[in-house]
Amino acid sequence: MTDPLVNDINDVDVKGNSANHKHDITFNTKNQMKVKHNFVCDVCGKIFTVVKHLKNHMLTHTGEKPFSCDVCQKTFALKECLKIHSRIHTGEKPYHCEECGMQFTQKSGLLTHRKIHTGNKPYSCVECGLKFARPSHLQAHMVRHTGEKAFACTQCGREFGRRDSLMKHMRVHTGHKPFLCTVCGKSFTQSQNLKVHIATHSENKPFLCLQCGKSFANKARLKDHSTVHTGKRQFKCEYCAKEFVRREHMKYHLNAVHGKKQMDLRPQICAFHSYTI
């Protein structure tokens, strides 16, 4: 009598001629034959062992992004990507470096950071030999040699060498400020600006001006103040390249000459401090 299990396995297309999946015959520890399913993407041929992973992968071809951020409305193809993105708004950093205590929003960021301690930088610039821990860092560095600015703003035409630089610049036009101070509720377009602002809530002002003795909560404020003594014009208008000693002078110029909205230029009021950024 023929074993029905053998008949079933003989009917399996082990070469994977099916349009949407393959089959592999394997053996478990009890030497029983099993059929392992490999699900294949019809578009690019990539193989997955779990059908859910194939479904997630198909979103990269369709462009569908069904998951939306409640704070900034940015959309994502995967729920996990939305979860990681939300940490930008919440400030959550669940991954910690055991060496120095630095925190990260993503595991990949922690793994890259660890290379600082190990000294492992496998990606080298062919122009100057400078080494990097990540290929994306090398790619961003190469712009210094090529001068290429492939990313242009659709609003004002300004060009950038890096995509993330363009994305940050776009907030000038959209007014989007995703970085929120948990102390006073003030929001910022960039995380670095929030970091500088948080220092204003502290009474500690370790940065001292050697010219007049005035102290500041952060290095950026001290640098801004130093122009009072040096006369250096470090603030440049992005529309006409005119230079200014003080940031607020440049902002007044943008409003008066280029018609930038007044609401974007007014002094930012904090519950604890009042100043212009």
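Me: Why is D164 called partly exposed?

Reply: The relative accessible area of D164 is 31%. Buried means under 20% relative accessible area, exposed means over 50%, and partly exposed is what lies in between, with a 1.4 Å probe and protein chains only. D164 at 31% therefore counts as partly exposed. R162 gets that label too, because its value is 38%.

Me: What makes D164 and R162 a salt bridge?

Reply: The closest N and O atoms of D164 and R162 are 2.9 Å apart. A salt bridge needs a side-chain nitrogen of Lys or Arg within 4 Å of a carboxyl oxygen of Asp or Glu. The pair is therefore a salt bridge, since 2.9 Å is within 4 Å. The rule gives five salt bridges in total.

Me: Before we go on, what kind of model is this, and how are residues numbered?

Reply: This is a predicted model, in which local features need pLDDT of at least 70 and side-chain atom pairs count only at pLDDT 80 or more, while totals for chains, interfaces and linings use all residues. Residues are numbered from 1 along each chain as its sequence is written, and side-chain values use heavy atoms, with hydrogens and water left out.

Me: How do you know how confident the predictor is?

Reply: From pLDDT, the predictor's confidence in each residue, from 0 to 100. For the protein chain the mean is 77, with 81% of residues at 70 or more. Residues 1-19 have pLDDT below 50, and that stretch has 13 contacts in the model beyond near neighbours in sequence. Residues 261-277 are also below 50, with 38 such contacts. Contact means heavy atoms within 4.5 Å.

Me: Why do E92 and R87 count as a salt bridge?

Reply: Their N to O distance is 3.9 Å, and the limit is 4 Å, so the pair qualifies. R87 is buried, because its relative accessibility is 7%, whereas E92 is partly exposed at 43%.

Me: And what makes E98 and R114 a link between distant parts of the chain?

Reply: E98 lies in the loop between β6 (95-96) and β7 (103-104), and R114 is in helix α4 (residues 107-118), 16 residues apart. Their closest N and O atoms are 2.9 Å apart, and they form a salt bridge. E98 is exposed because its relative accessibility is 60%, while R114 is partly exposed at 30%. Helices (H or I, at least four residues) and strands (E, at least two) are DSSP runs, numbered from the N terminus. By that rule the protein chain has 10 helices and 19 strands.

Me: Why is H113 called buried?

Reply: H113, in helix α4, has a relative accessible area of 7%, so it falls under the 20% limit. Leaving aside neighbours within four places in sequence, H113 is in contact with C97, C100, M102 and F104. Across the protein chain, 25% of the 277 residues count as buried.

Me: What makes a group of residues a nonpolar core, and which residues form the largest one?

Reply: A nonpolar core is a set of buried Ala, Val, Leu, Ile, Met, Phe, Trp, Tyr and Cys residues joined through side-chain atoms within 4.5 Å. The largest here has five residues: F235, C237, F244, M250 and L254. Not counting residues up to four places away in sequence, F244 touches several residues, including F235, C237 and M250.

Me: Why is K242 called partly exposed?

Reply: K242 has a relative accessible area of 46%, so it sits between the 20% and 50% limits. K242 lies in the loop between β16 (235-236) and β17 (243-244). Its contacts beyond four places in sequence are F235, K236, C237 and H253.
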